[in-house]
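Good morning, everyone, and thank you for making time for this.

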Amino acid sequence: MEACFFDTLKAQPFWVIFLFTLGSLSLLKFSFVFLKWVWINFLRPGKNLKKYGSWGLVTGPTDGIGKGFAFQLARKGLNLVLVGRNPDKLKDVSDSILAKYAKIQIKTVVVDFTGDLDEGVKKIKETVEGLDVGVLINNVGISYPYARYFHEVDEELLVNLIKVNVEGTTKVTQAVLPGMVKRKKGAIVNIGSGAAIVIPSDPLYAVYAATKA
């Protein structure tokens, strides 16, 4: 059967053989990419996060994804530095985590990323000084209160979108990264958005999509 197939293929014009080869390579590449995706998302074993360091820092940890990350890091046995703007919410989430994972330590840093960012980053640096921060979750972010055209985005919202989603993420990373470099280990996760991938330049949320990209 195989010999018959190859004999038939050899009898074809050059352009047919060329297209067959090109198609086969494309199919092979697609199969490799698909199998890699399956391995990464479903089969690959989880990492031991403690190998990166004994502390994890999460920005925006009081709600949603950030809160989920905080609980998962605590479940893995990491101590936490939680950075958010609302001290009451920070206390609530800290108490909730400690009630479930009593053996870990938690430090909280109150930072309003729309306010004096330099002062906030200074407080983060002081808090992480001497701590073995091995995991950084840059989760803090803001979006529009409601959909609007680009020319309808007011100056305050425009400034805050860039300040929180871009400048905040960059400066927090700058504050934590030197320790990781010094210890030659660490992991940084920047939380993006489907608005920048699934629906590129998300209509009516263009600046948000751009800053999360």
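Let me begin with Lys171 and Glu167, which lie four residues apart in helix 6 and are therefore separated by about one helical turn; helices (H or I, at least four residues) and strands (E, at least two) are DSSP runs, numbered from the N terminus. This is a predicted model, in which local features need pLDDT of at least 70 and side-chain atom pairs count only at pLDDT 80 or more, while totals for chains, interfaces and linings use all residues. Residues are numbered from 1 along each chain as its sequence is written, and side-chain values use heavy atoms, with hydrogens and water left out.

Lys171 and Glu167 form a salt bridge, their closest N and O atoms being 3.1 Å apart, where the term means a side-chain nitrogen of Lys or Arg within 4 Å of a carboxyl oxygen of Asp or Glu. Glu167 is partly exposed at 31% relative accessible area, a class that falls between buried (under 20%) and exposed (over 50%), using a 1.4 Å probe and protein chains only.

Which residues share partners in one network? They are Asp118, Glu167 and Lys171. Asp118 also forms a salt bridge with Lys171, at 2.8 Å between the closest N and O atoms, and this pair links helix 5 (residues 117–128) to helix 6 (residues 155–183), 53 residues apart.

Finally, Arg183 and Asp132 meet in a salt bridge of 2.7 Å, N to O. Arg183 lies in helix 6 and Asp132 in the loop between helix 5 and strand 4 (133–138), so this pair ties together parts 51 residues apart in sequence.
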